[in-house]
Amino acid sequence: MTSLLNSRIIRFLVGIWLPLLLIWWWWTASADSVDPFFPPLSAIWEQFKFNWIWQLFPVHVVPSLRNLFVGYSIGIIAGVVFGALLGSSRRVSRYFEPLIDFFRSIPPVATVPVFILLFGLDANMRIAAVAVAATFPTLLSTMQGFRGTDSTLLDTGNVFRLTKFQMMWKLRIPSASPLIWSGFQVSLQIAFVVTIASEILGSGFGIGAFTVMSSDSFMILDAWTGVLLMGLIGFALNVIFDIIEKRSLHWYFGQKKLTR
Amino acid sequence: MTTAIAINHVSMEYKTPKATTHVLENVSYEVQDGHFVSIVGPSGVGKTTLIRLLTGLAKPTAGEILIRGKRIEDAPEGLAVVLQDYTRSLMPWLTVEKNIALPLRNQPLNKAERKQRITESLVEVGLEGSESKYPWQLSGGMQQRVSIARALAVRPNLLVMDEPFASVDAQTRFDLEDLVLKVRDDFGITTLMVTHDIDEAVYLSDEIVVLYGKPAAVRDIVKIDIPFPRSQMTTRNDHRFADLRTHVYGMVRGLE
């Protein structure tokens, strides 16, 4: 038991030493800074606490996260549905693949102005932009996951006369789920980027909006807190995602560990 | 003796843009009810192709296959299969219990009856108590036992096994062969097994079908008249066993 604890602590320390070192370096190097664009980290931290714990949290963070989650959810569901369709039939995918390749190659951030034209500057625009951006990574991974379904598995299912419903939900989707989850992860990262981007080019409320507005108004300290916040939230999202993924794919990770 | 499977003049060819490969030509054979039949032949002769035709995964280019008098279209009813690669046939996201339960869901059983079947099957293969393990937590031999348990649980009319013991070590193979004999004793399911191992074929079967040739046809049907019960210790020492084995081996190698 102690060795397990030790290894966990050690792994945690190994992961955290570099960030801690960099923070310490930043703190000490900037401590006496008089440069208006690079204030001391201590001042940034003070402003951060003032802004985000918890005064401006509901004003900016909540709308951003809401748009992120709604857009992301729509995106990944669409991605799985279409990815499953395209991955199940070679014929169908041949018709649609050039189109998908075209659209997914467009950098999602660059599509935000198009969404502004279509939807205006409100929350729906942001959700739409995030949803579309989040669809493609999941779609591609799901398609790959379905294409790679093991033929022996499919044969087994067919010989045992599983229904079409069972073949899809109890065989193909679980079989593809490791790849689907990797799609979810990339989609999350893109969704986050596009959420911020949609706020920069739009206006109003949101972490990105706050950061840009602060920067434009030369409230540099506030802008820095915005950047810091984005980093922390992005990191937290990934940590939460990892936890959920590990739960959902426990069988996959367990199998990988045992069969080397 | 009723005919469980009738393979009537079955031919199979694969077409590619460049050429047509004739794998099976005019294969005819009848499997009797309750019999254990092994299909042997040189590597690549078409044994797995024949299995795919029998399980409805492929359609013959000529001829027909009747199971209990009915021509098969897709996967026939009452068929269970045990494949060579158990890691790719069992579902790693399901526990042993759920793996066995999956094909059972399409049968008219309630929850309690299903659980009963699963327990019985696991007891039959010697894996009592492993319900909540995952397949990949078990050894190769145990995983193949789960595969066999899954096949038994549906109470099939016909059991098809495609080189079921080729991926396990020799000693485990002997254990699993004896398990198959036990299952044969307890259930009497008509069984068709493809194997490379001629000793195994002689040890287990009532009859051996030798496929041979390019394209392949039934070269011979060898009746195995060694009485049951058979045992690893005594049967393999038997004169008759050695004679039959040599005979089949000779045909498979094209020496007779």
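**Exercise 1.** Determine which ring B:R245 lies over, and at what distance.

Solution. A charge sits over a ring if NZ of Lys or CZ of Arg is within 6 Å of the ring centre and within 35 degrees of the ring normal. B:R245 lies over the face of B:Y249. The distance from the ring centre is 5.6 Å. Likewise, B:R184 lies over the face of B:F228, 3.9 Å from the ring centre.

This is a predicted model: local features need pLDDT of at least 70, side-chain atom pairs count only at pLDDT 80 or more, and totals for chains, interfaces and linings use all residues. Residues are numbered from 1 along each chain as written, chains are lettered from A in the order written, and side-chain values use heavy atoms, without hydrogens and water.

**Exercise 2.** Count the aromatic pairs over all chains, then classify A:W26 with A:W224.

Solution. Rings of Phe, Tyr and Trp (its six-membered ring) pair if their centres lie within 6.5 Å; planes under 30 degrees apart are stacked, over 60 edge-to-face, the rest tilted. The count is 14. The centres of A:W26 and A:W224 are 5.7 Å apart and the planes meet at 55 degrees, so this pair is tilted. A:W26 belongs to helix 1 (residues 2-30) of chain A and A:W224 to helix 10 (residues 220-248) of chain A, 198 residues apart. Helices are DSSP runs (H or I, at least four residues), numbered from the N terminus.

**Exercise 3.** Classify the pair A:F102 and A:F103, then the accessibility of each residue.

Solution. The pair is edge-to-face: 5.2 Å between centres, 80 degrees between planes. Buried means under 20% relative accessible area, exposed over 50%, partly exposed in between (1.4 Å probe, protein chains only). A:F102, at 53%, is exposed. A:F103, at 44%, is partly exposed.

Definitions and conventions: Helices (H or I, at least four residues) and strands (E, at least two) are DSSP runs, numbered from the N terminus.
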